[in-house]
Amino acid sequence: LEETVEGTARALGALPSEVIFTSGATESNHSAIRSLTLELLGERPVRWAVGAGEHPSVFMALDELTTRGLATQRVVRLLPSGQIDLSDLEDALETCDALCLQVANHETGALTDLDAIGERLGSRPVPWHADAVQAIGRVPFQFDSAAAQRITSASVSAHKLGGPGGVGLLLW
């Protein structure tokens, strides 16, 4: 198990201590979103900015937290290309506490410009969860790369890489 964790961490540009195995990317998305919400929760609900093209599991997690009064959602528009509308994101960043933007879209394959998002975040202390399921193994993505430096957590699914179903991980 330690060899698997170390090899996985090395392949994804993470430390072994940053690799958490889960039952799949849905669990990884839910765990990250819930954990960040509880970590940030204060006297008011946590304000999430979330991309309009996120995987349904992301919206399920946020809907549950919204129903419980723990979070609110601000959906960030997409451009016709399927990429995040950076001007709408800038508006959302003015009031959000946390961000959820995927690395690659699960339906269109549109890639998120990680550098542009990082620039928009600047020095704001806004944690960012990224669903990286469709990116890993298809486009260069390393958790420790300059482009991903602002990402707090990322979800991955083994079956998208030819691995077994029911295995995912959360980089944190």
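Because we're on a prediction, local features need pLDDT of at least 70, side-chain atom pairs count only at pLDDT 80 or more, and totals for chains, interfaces and linings use all residues. Residues are numbered from 1 along each chain as its sequence is written, and side-chain values use heavy atoms, with hydrogens and water left out.

Let's start with helix packing. Two packed helices are described by the angle between their axes and the distance between the axes. Axes are lines fitted to C-alpha atoms, for helices over the stretch in contact, with angles from 0 to 180 degrees between N-to-C directions.

So, H2 and H3, residues 56-67: the axes sit 9 Å apart, at an angle of about 35°. The crossing is right-handed, meaning the near helix is turned clockwise from the far one by less than a right angle. On the H2 side you've got Thr 26, Asn 29, His 30, Ile 33, Arg 34 and Thr 37, and they meet H3 residues including Ser 57, Val 58 and Leu 65. Split by class, that's six nonpolar, five polar and two charged. For the classes, Ala, Val, Leu, Ile, Met, Phe, Trp, Tyr, Cys and Pro are nonpolar, Asp, Glu, Lys and Arg charged, and the others, Gly among them, polar.

Stay with Asn 29 for a second, in H2, residues 25-40. Is Asn 29 buried or exposed? Buried, at a relative accessible area of 1%; the cut-offs are under 20% for buried, over 50% for exposed, partly exposed in between, using a 1.4 Å probe and protein chains only. Its side chain makes a polar contact with the side chain of Ser 57 at 2.9 Å. A polar contact is an N or O pair within 3.5 Å; within protein, one atom must be able to donate a hydrogen and the other to accept it, and residues adjacent in sequence count only if both atoms are side-chain atoms. Skipping residues up to four places away in sequence, Asn 29 also touches Val 58, His 129, Asp 131 and Ser 155, where contact means heavy atoms within 4.5 Å.

Ser 155 is in strand S6, and at 0% relative accessibility Ser 155 counts as buried.

Next pair: H4 (86-93) and H5 (114-121), axes within 10 Å, crossing at roughly 35°. This crossing is right-handed. Leu 86, Leu 89, Glu 90 and Leu 93 of H4 pack on Ala 116, Ile 117, Arg 120 and Leu 121 of H5. The classes come out as six nonpolar, no polar and two charged.

At the start of H5, an Asp 113 side-chain oxygen comes within 3.3 Å of the backbone nitrogen of Asp 115. Just after H5, Gly 122 has a positive phi of about 55°.

Last bit: cores, meaning buried Ala, Val, Leu, Ile, Met, Phe, Trp, Tyr and Cys residues joined through side-chain atoms within 4.5 Å. The largest has 33 residues, with Leu 89, Ile 117 and Leu 171 among those with the most contacts inside it. H1, H4, H5, S5, S6 and S7 each give two or more residues to this core. There's also a second, separate core of 14 residues, including Trp 48, Ala 61, Leu 65 and Ala 71.

Note on methods. Helix = DSSP H or I, 4+ residues; strand = E, 2+ residues; numbered from the N terminus.
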